[in-house]
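Student: I have a new structure to look at and would like to go through it piece by piece. Could you walk me through it?

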Amino acid sequence: MDIRLGNGYDVHAFTEGDHVWLCGVKVPHTKALLGHSDADVGMHALTDAIYGALAEGDIGRHFPPSDPQWKGAASHIFLRHAVELARSKGFEISNCDVTLVCERPKVGPHADAMRAELASIMNLDRGRISVKATTSERLGFTGREEGIAAIATAALVKA
């Protein structure tokens with residue numbers, strides 16, 4: 001049996017704005033996340049976890065930030081590409097786990113909607129997707145509320 005695990009990590013700094021995109025959900029907040037695309041830190045980490053499990057590099061390899069066509073792009077494009085690449089290589093995503101690291105906004109009230117959105121994008125049962133959050137106990141850049149970090153793991157199984 002061919003089982004692959006991949007990890008992904010991403011960070012984005014806060015900037016002026018009134019919402020953040022997290023795992024495909026628009027979450028009201030006093031700031032936005034700064035990035036070349038929509039800066040969905042959770043979806044970026046998950047996309048990189050899938051690419052990592054496939055030994056296919058990272059988002060920047062497939063969607064270079066130097067390419068203006070990706071400016072402001074919705075991150076579901078990147079995630080869908082990674083999922084389709086996995087399936088084209090004969091893999092199914094067994095499960096994935098995303099952890100968002102921030103003091104604010106509070107993720108808990110939105111976690112179920114995030115799981116549902118990721119499940120829709122990935123064409124997976126919602127029970128195979130975990131989205132959770134933690135703080136960094138007010139330490140580091142996330143603790144100072146300068147931005148958000150995300151870590152993700154994806155397990156792929158050869159179909």
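Predicted model: local features only at pLDDT ≥ 70, side-chain atom pairs only at ≥ 80, totals over all residues.

Student: OK, what is the strand order in the open sheet?

Tutor: The order of its 5 strands is S4-S1-S7-S5-S6, and the pairing is mixed. Strands here are DSSP runs (E, at least two residues), as helices are (H or I, at least four), numbered from the N terminus, and two strands pair if DSSP finds at least two bridges between them. The edge strands, each pairing on one side only, are S4 (31-33) and S6 (129-134).

Student: And how many bridges join S1 to S4?

Tutor: There are 3, and these two strands run antiparallel, with Glu16 standing opposite Lys31 in S4. S1 also pairs with S7 in the antiparallel sense, over 11 bridges, and S7 in turn pairs with S5 (residues 91-101) in the antiparallel sense over 10 bridges.

Student: Which residues stand opposite Ala149 in S7?

Tutor: Val11 stands opposite Ala149, and Ala149 is also the bridge partner of Val101.

Student: Where does helix H4 lie?

Tutor: Helix H4 (residues 111-122) lies across S5 and S6, and it runs at about 140 degrees to S6. Such angles run from 0 to 180 degrees between N-to-C directions, with axes fitted to C-alpha atoms, for helices over the stretch in contact, and contact means heavy atoms within 4.5 Å.

Student: Switching topic, what does Glu145 touch?

Tutor: Leaving out residues up to four places away in sequence, Glu145 touches Phe14, Lys31, Glu103, Arg104 and Arg138. Glu145 itself lies in the loop between helix H5 (140-143) and S7.

Student: Which side chains does a polar contact join to Glu145?

Tutor: The side chain of Arg104 is joined to Glu145 at 2.6 Å, and that of Arg138 at 3.2 Å. A polar contact is a pair of N or O atoms within 3.5 Å; within protein, one must be able to donate a hydrogen and the other to accept it, and residues adjacent in sequence count only if both atoms are side-chain atoms.

Student: Is the peptide bond from Arg104 to Pro105 cis or trans?

Tutor: That bond is cis, with omega near 0 degrees, and Pro105 is placed in the loop between S5 and H4. Another backbone detail is at Asn123, which has a positive phi of about 55 degrees although it is not a glycine; Asn123 lies in the loop between H4 and S6.

Student: Last one, what classes of residue make up the lining of the largest pocket?

Tutor: The lining has 6 nonpolar, 6 polar and 2 charged residues. Nonpolar here covers Ala, Val, Leu, Ile, Met, Phe, Trp, Tyr, Cys and Pro, charged covers Asp, Glu, Lys and Arg, and the others, Gly among them, count as polar.

Notes: Residues numbered from 1 in each chain as written. Heavy atoms only, no water.
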